[in-house]
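Reader: I would like to go through this entry by its surface and its charged pairs. Please show it first.

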Amino acid sequence: MDGRKIILLVGALVVAAVTAFMARSLMVGGSAPQAEAQLVQPAQPAGPQILVAAKALPVGTILDGNALKFQPWPKDLVEGAYYLKGQVDLPALQGSVVRFAIPAGQPITQGAVVKPGDRGFLAAALSPGMRAVTVPVSAQSAVAGFVFPGDRVDLILTQSVTGGGDGPPLQASETVLRNLRVLATDQRTDTQKDENGKPMVAPYSTVTVEATPKIAEKIAVAQQLGTLSLSLRSLADTSHELEEKIAAGDVVVGDNDELVANDSKPVDSRPTYSTGADVSRFQRSTVPGKADTNAAPQQSATMPAANANGAPPQNYKGPLVRVARGNEVTVVPVGGNK
């Protein structure tokens with residue numbers, strides 16, 4: 001190969017290297033254009049604002065401030081049964097009961113709710129398969145009037161158990177029912193409000209609660225056994241019990257209808273109780289026993305004869321043993337001097 005060809009080959013290699021270097025510099029130095037995403041605001045309907053459900057409202061739901069909201073609606077789709085903003089007294093509508101199930105975001109119609117005082121209000125407030133039961137209470141046993149329609153309470157039974165003995169009766173208190181929904185206080189199904197629109201605390205003598213037919217029977221019997229008291233529940237308690245049911249597999253998480261049903265279902269299991277001994281050491285913890293008047297006490301050669309009623313002689317000063325058989329108690333002398 002002659003020198004001319006060698007020079008041309010070296011020149012071509014130099015040109016190629018310079019071209020590659022310049023191309024690489026352009027690619028590294030130049031930034032690619034950034035794609036900017038623009039948020040597109042959904043077009044608001046050109047129409048008036050109507051009252052809609054802020055959440056799913058099952059049948060029997062008592063409306064409150066968190067269940068309703070106003071939302072723009074197409075003017076051509078506005079019906080005469082809708083509640084329009086500026087034409088409805090929203091505080092007066094609160095306390096009404098949902099007659100038909102309303103999905104979230106759907107309009108509230110005048111035929112879908114029953115206002116307090118209307119005919120059939122209490123029947124509409126009841127969930128399917130439930131019953132209304134009235135419980136007599138006092139100011140002390142009804143949380144001093146701070147229980148309002150829509151709240152949830154526990155039912156406490158307080159009674160005296162005399163037994164068959166001569167001792168003082170057993171004082172016992174037992175939580176027999178949980179998570180009962182309050183439907184009315186006295187004959188009012190709504191909450192009384194003052195001039196500023198705030199709930200008024202007023203005494204009442206009866207409370208109407210929602211219960212299953214079986215629980216309604218238990219409440220009727222509990223009224224004959226002793227005194228009934230109400231214990232106001234926190235909103236967090238019901239959610240905690242629902243989580244326990246989900247963890248135990250009693251409730252299917254994917255079934256929203258079942259979650260709502262269990263959240264509002266009264267509970268008549270897992271009763272808890274307290275006796276007088278839990279409050280004071282001078283009170284009983286068991287039912288007084290009954291002395292056995294028929295059974296003869298066991299005797300030995302050193303034991304004195306017992307009386308006919310099973311008790312030792314009056315002049316006997318020795319140690320005694322009390323033998324309990326169920327509710328019957330027998331006093332047996334075990335020896336000693338007269």
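Reader: Which residues make the nonpolar surface patch of about 570 Å²?
Author: This is a predicted model, in which local features need pLDDT of at least 70, side-chain atom pairs count only at pLDDT 80 or more, and totals for chains, interfaces and linings use all residues. Residues are numbered from 1 along each chain as its sequence is written, and side-chain values use heavy atoms, with hydrogens and water left out. A patch takes residues with over 30% relative accessible area and no salt bridge, joining nonpolar side chains (Val, Leu, Ile, Met, Phe, Trp, Tyr) within 5 Å and like charges within 9 Å. Here the members are Ile-6, Val-10, Val-14, Val-18, Phe-21 and Met-22.

Reader: Is Phe-21 buried or exposed?
Author: Phe-21 sits in helix 1, residues 3-29; helices (H or I, at least four residues) and strands (E, at least two) are DSSP runs numbered from the N terminus. Buried means under 20% relative accessible area, exposed over 50%, and partly exposed in between, with a 1.4 Å probe and protein chains only. Because its relative accessible area is 56%, Phe-21 is exposed.

Reader: How many salt bridges are there?
Author: The rule asks for a side-chain nitrogen of Lys or Arg within 4 Å of a carboxyl oxygen of Asp or Glu. By that rule the count is four.

Reader: Which residue forms a salt bridge with Arg-181?
Author: Arg-181 belongs to strand 7 (residues 170-185), and its partner, 29 residues apart, to strand 8 (residues 206-211). Both residues of the pair are buried. The closest N and O atoms are 3.2 Å apart, and the partner is Glu-210.

Reader: In which helix do Glu-217 and Lys-214 lie?
Author: Their side chains meet in a salt bridge, N to O 3.8 Å. Glu-217 is partly exposed at 48% relative accessible area, while Lys-214 is exposed at 51%. The two are three residues apart, about one turn, in helix 4 (residues 213-225).

Reader: How far apart in sequence are the parts tied together by Asp-268 and Lys-218?
Author: The closest N and O atoms of this salt bridge are 3.1 Å apart. Asp-268 lies in the loop between helix 6 (256-263) and strand 10 (272-275) and Lys-218 in helix 4, so the parts that the pair ties together are separated by 50 residues.

Reader: What share of the residues counts as buried?
Author: The protein has six helices and 13 strands. Of its 338 residues, the buried share is 29%.

Methods: Areas by Shrake-Rupley, 256 points an atom, 1.4 Å probe, with all protein chains shown as cover.
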